[in-house]
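Me: Hi! I'm new to this one. Could you walk me through it?

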Amino acid sequence: AGSHTTGTCYLTTTHVLFWTQAIPLLGGHQGTLFDISSIEFVIQEPSKPRLSPITLPVGISVKDKETKKTLYKFRPSIGAQRWKNFAEIVQEVAVENPEALKFSERGGILYMYGDKPGAKKSTGSESEDGTAVGEGAETV
């Protein structure tokens, strides 16, 4: 608590694990595991130390969904907003009905959240035969 160490974050549809160095330079590791369905991720506004002109990077707080208590804080190397967006997608997929998810043969999600299978993207312009041309708006 209160220490600043480097580590790795593992994110699955059931858990998030923070694996950090317990004592930098001396070795040892510490793991902190959370059930992903019971937490939320909140962006921490950047703070500027009083004596330094450098603004610290934006971090993320892991909070309990019920109590709103901060359980963990970290600064992802890929950017806080990008990491938070990705983690929220993983959380949403975890609670989605498996029948509503359509995966490609290679495992990528093709559609979810009520998207219509077979929907095509178009710019809204149509050819002479009435078929959509281009990309952009969804048509069925």
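Reply: Happy to! Let's start with Val 93, which counts as buried because its relative accessibility is 18%, where buried means under 20% relative accessible area, exposed over 50% and partly exposed in between (1.4 Å probe, protein chains only).

Me: Before we go on, what kind of model is this?

Reply: This is a predicted model, in which local features need pLDDT of at least 70, side-chain atom pairs count only at pLDDT 80 or more, and totals for chains, interfaces and linings use all residues. Residues are numbered from 1 along each chain as its sequence is written, and side-chain values use heavy atoms, with hydrogens and water left out.

Me: Thanks. Where is the place of Val 93?

Reply: Val 93 lies in helix H1, residues 80–95. Helices (H or I, at least four residues) and strands (E, at least two) are DSSP runs, numbered from the N terminus. The C-alpha atom of Val 93 is separated by 7.3 Å from that of Thr 13, although the two are 80 residues apart along the chain.

Me: New topic: in what order do the strands of the open sheet come?

Reply: Three strands form that sheet in the order S1-S2-S3, with antiparallel pairing. S1 (7–11) and S3 are the edge strands, as each pairs on one side only. Two strands pair if DSSP finds at least two bridges between them.

Me: How many bridges link S2 and S3?

Reply: Strand S2 (residues 15–23) pairs with S3 over eight bridges, in the antiparallel sense. Leu 17 stands opposite Leu 33 in S3.

Me: Now Ser 38. Where is that found?

Reply: Ser 38 is in the loop between strand S3 (27–35) and strand S4 (39–44). Ser 38 counts as partly exposed because its relative accessible area is 29%.

Me: Which residues is Ser 38 in contact with, leaving aside its neighbours within four places in sequence?

Reply: Those are Lys 63, Asp 64 and Lys 65, where contact means heavy atoms within 4.5 Å. As for His 15, which is 23 residues from Ser 38 along the chain, the C-alpha atoms of the two are separated by 9.6 Å.
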